[in-house]
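Welcome to my notebook. I went through this structure piece by piece and wrote down what I looked up.

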Amino acid sequence: MPDELRALPFTSLAALVCACFVAATVFASSVGFALERALPKKKIFDVALFDGQYRFELLGNVLFIAMASVIFPLVLRADVIRFTRGDGLRDALTFAVMVGAFQVYYWFLHRALHTKALVRFHRWQVTTPLTGQSVHPVETLGWMVGYLGLPWALSLVTPLG
């Protein structure tokens with residue numbers, strides 16, 4: 001972990017992780033709602049929302065962010081992911097490999113969530129701009145494995161930028 005993050009108290013690291021997820025969620029949701037207004041006839045799914053859908057999905061996002069805000073700092077503090085001071089190229093390669101690896105991982109996770117055993121943890125979604133992170137806690141744990149387990153696995157081979 002970079003020295004600047006290692007120096008932070010756990011609560012400050014958790015607050016930083018929370019702030020990053022909140023900022024990304026607000027940005028992505030704002031873009032999604034703006035696109036829905038700008039392109040009302042271009043919906044992927046035109047599913048009627050149930051009463052309280054936005055509130056339900058907002059609470060799902062809060063739960064996802066709360067879990068991430070605890071799990072990320074715990075894993076980072078455990079020092080199981082090896083980092084090195086990046087040189088630009090290493091940082092770019094780390095980012096590119098992680099984006100690709102997460103896409104493959106998420107494809108398998110999503111397929112698994114459509115099996116009889118796991119679909120009950122995935123079925124509560126409706127497609128709105130808030131849906132992306134409005135997931136069951138079991139699915140959130142699956143995301144955290146991808147977010148943190150993949151960097152850990154790669155860092156067994158080479159330190160990350």
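**Entry 1: helix H3**

I began with H3, which has 25 residues and reaches 36 Å from its first C-alpha to its last, close to the 36 Å expected at 1.5 Å a residue. That expected span is 1.5 Å times one less than the number of residues in the helix. A helix here is a DSSP run of H or I with at least four residues, a strand is a run of E with at least two, and both are numbered from the N terminus.

Before going on, I noted what I am working with: this is a predicted model, in which local features need pLDDT of at least 70, side-chain atom pairs count only at pLDDT 80 or more, and totals for chains, interfaces and linings use all residues. Residues are numbered from 1 along each chain as its sequence is written, and side-chain values use heavy atoms, with hydrogens and water left out.

**Entry 2: the whole protein**

Next I stepped back. I counted 5 helices and 0 strands in the protein, and the order from the N terminus on is α-α-α-α-α. The C-alpha trace spans about 50 × 35 × 30 Å along its principal axes.

I also looked up burial: of the 161 residues, 30% are buried. Buried means under 20% relative accessible area, exposed means over 50%, and partly exposed is in between, with a 1.4 Å probe and protein chains only. The protein exposes about 10,100 Å², and carbon and sulfur atoms supply 71% of that area. These areas come from the Shrake-Rupley method with a 1.4 Å probe.

Then I checked contacts, meaning heavy atoms within 4.5 Å. Among the contacts with a separation of 6 or more, 82% are between residues 24 or more positions apart.

**Entry 3: H3 and its partners**

How do H2 and H3 pack? Helix H2 covers residues 10-38, and I found an angle of about 145 degrees between H2 and H3, with their axes 9 Å apart. The axes are lines fitted to C-alpha atoms, for helices over the stretch in contact, and angles run from 0 to 180 degrees between N-to-C directions. H2 passes H3 in a right-handed crossing; a crossing gets that name if the near helix is turned clockwise from the far one by less than a right angle, and is left-handed if anticlockwise.

On the H2 side I listed residues including Phe10, Leu13, Val17, Phe21 and Phe33; on the H3 side, Tyr54, Phe64, Ala68, Phe72 and Arg77 are among them. The residues of this contact divide into 17 nonpolar, 3 polar and 2 charged. For that sorting, Ala, Val, Leu, Ile, Met, Phe, Trp, Tyr, Cys and Pro are nonpolar, Asp, Glu, Lys and Arg are charged, and the others, Gly among them, are polar.

I turned to H3 (residues 53-77) and H5, which pack at an angle of about 40 degrees with their axes 10 Å apart. H3 passes H5 in a right-handed crossing. Leu63, Phe64, Met67 and Ile71 are among the H3 residues here, and they face a set in H5 including Trp143, Met144 and Tyr147.

**Entry 4: the end of H3**

Leaving out residues up to four places away in sequence, Arg77 touches Met1, Leu5, Arg6, Leu8, Pro9, Phe10 and Leu13.

H3 is followed by Asp79, in the loop between H3 and H4. Asp79 has a positive phi of about 55 degrees although it is not a glycine. I made a note that most residues other than glycine have a negative phi. At 42% relative accessibility, Asp79 counts as partly exposed.

H4 (residues 89-112) has 24 residues and reaches 34 Å, close to the 34 Å expected. Its buried residues are Thr94, Met98, Phe102 and Leu109, and what covers them includes helix H5 (137-157). Thr94 counts as buried because its relative accessibility is 13%. Setting aside neighbours within four places in sequence, Thr94 is in contact with Leu160 and Gly161.

My last stop was Thr128, in the loop between H4 and H5. Thr128 is buried, with a relative accessible area of 11%. Not counting residues up to four places away in sequence, Thr128 touches Glu36, Leu49, Tyr54 and Glu57.
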